[in-house]
Amino acid sequence: MRRADLVLVGKVVRSQGKDGRLKVRFTEQPPPGFSRSKVHLRGSGRFEEYEVESLDLDRNSYFLKLRGVDTLARADALAGREIFIEEGAFPGLEKGRYYAFQLIGSRVVTMDGAEVGTVAAIMPAGGSNLLVVAGGGKERYVPFTDGICVKIDPDAGEIVIDPPAGLLDLNEI
């Protein structure tokens with residue numbers, strides 16, 4: 001499996017119980033179908049593949065059970081590892097909807113071609129999201145709305161924006 005085919009979805013926080021369950025923290029909600037997928041855990045610069053036996057939500061925490069991880073010692077050894085899944089395991093979305101991993105790293109430019117920066121993160125903000133765009137030693141928050149993000153091309157890694165006057169100066173950090 002090539003690293004380029006894998007998407008970071010979370011991290012193993014710690015072991016949970018004696019049966020090898022893992023407490024995990026996802027970067028976003030687990031993707032649909034996650035509990036039927038295979039995961040790749042990265043540790044010591046290499047990836048190990050595991051089958052997911054179950055994923056449970058209990059008191060706002062996710063607990064993952066992997067096939068072959070059946071002891072507390074084995075689960076403890078996986079603490080701190082990053083969790084990846086294959087990009088192809090994500091179901092397709094309707095037109096105009098995107099997964100965060102499809103947008104992070106995209107180049108952001110204005111309608112007239114001025115470079116704004118690169119999408120570093122996506123931040124939930126009430127009813128919509130904000131693109132956190134890093135460039136020129138600054139971060140800017142750009143509302144991820146149709147009126148501002150006028151062209152989104154994840155395959156080309158580019159987002160064209162039409163920001164209202166002053167938006168890019170308003171929220172520089």
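Helices (H or I, at least four residues) and strands (E, at least two) are DSSP runs, numbered from the N terminus. This is a predicted model, where local features need pLDDT of at least 70, side-chain atom pairs count only at pLDDT 80 or more, and totals for chains, interfaces and linings use all residues. Residues are numbered from 1 along each chain as its sequence is written, and side-chain values use heavy atoms, with hydrogens and water left out.

View A. Searching the whole structure turns up 4 aromatic pairs; rings of Phe, Tyr and Trp (its six-membered ring) pair if their centres lie within 6.5 Å, and planes under 30 degrees apart count as stacked, over 60 as edge-to-face and the rest as tilted. One of them joins phenylalanine 26 and tyrosine 62 edge-to-face, 5.1 Å centre to centre with 85° between the planes. Phenylalanine 26 sits in strand β2 (residues 21–26) and tyrosine 62 in strand β5 (residues 61–66), so this pair ties together parts 36 residues apart in sequence. Both phenylalanine 26 and tyrosine 62 are buried (under 20% relative accessible area; exposed is over 50%, partly exposed in between, with a 1.4 Å probe and protein chains only).

**View B. Tyrosine 98 meets phenylalanine 144.** Here the ring centres of tyrosine 98 and phenylalanine 144 are 6.5 Å apart and the planes stand at 65°, so this pair is edge-to-face too. It links distant parts of the chain, 46 residues apart: tyrosine 98 is in the loop between β6 (82–86) and α2 (100–103), and phenylalanine 144 in the loop between β10 (138–143) and β11 (149–153). Tyrosine 98 is partly exposed at 26% relative accessibility, and phenylalanine 144 is partly exposed at 21%.

**View C. The surroundings of tyrosine 98.** Leaving aside residues up to four places away in sequence, tyrosine 98 touches Leu93, Leu103, Phe144, Ile152 and Pro154 (contact means heavy atoms within 4.5 Å). Alanine 73 is 25 residues from tyrosine 98 in sequence, yet their C-alphas are 38 Å apart in space.

**View D. The lining of the largest pocket.** Among the 34 residues lining the largest pocket, Glu28, Tyr98, Tyr99, Ala100 and Asn129 lie nearest its centre. (On a 1 Å grid over the protein atoms alone, a pocket is an open set of points where a 1.4 Å probe fits, with protein on both sides within 12 Å along at least five of seven lines; lining residues have an atom within 4 Å of a point.) At least two lining residues come from each of β1 (6–16), α2, β8 (115–125), β9 (128–135) and β11.
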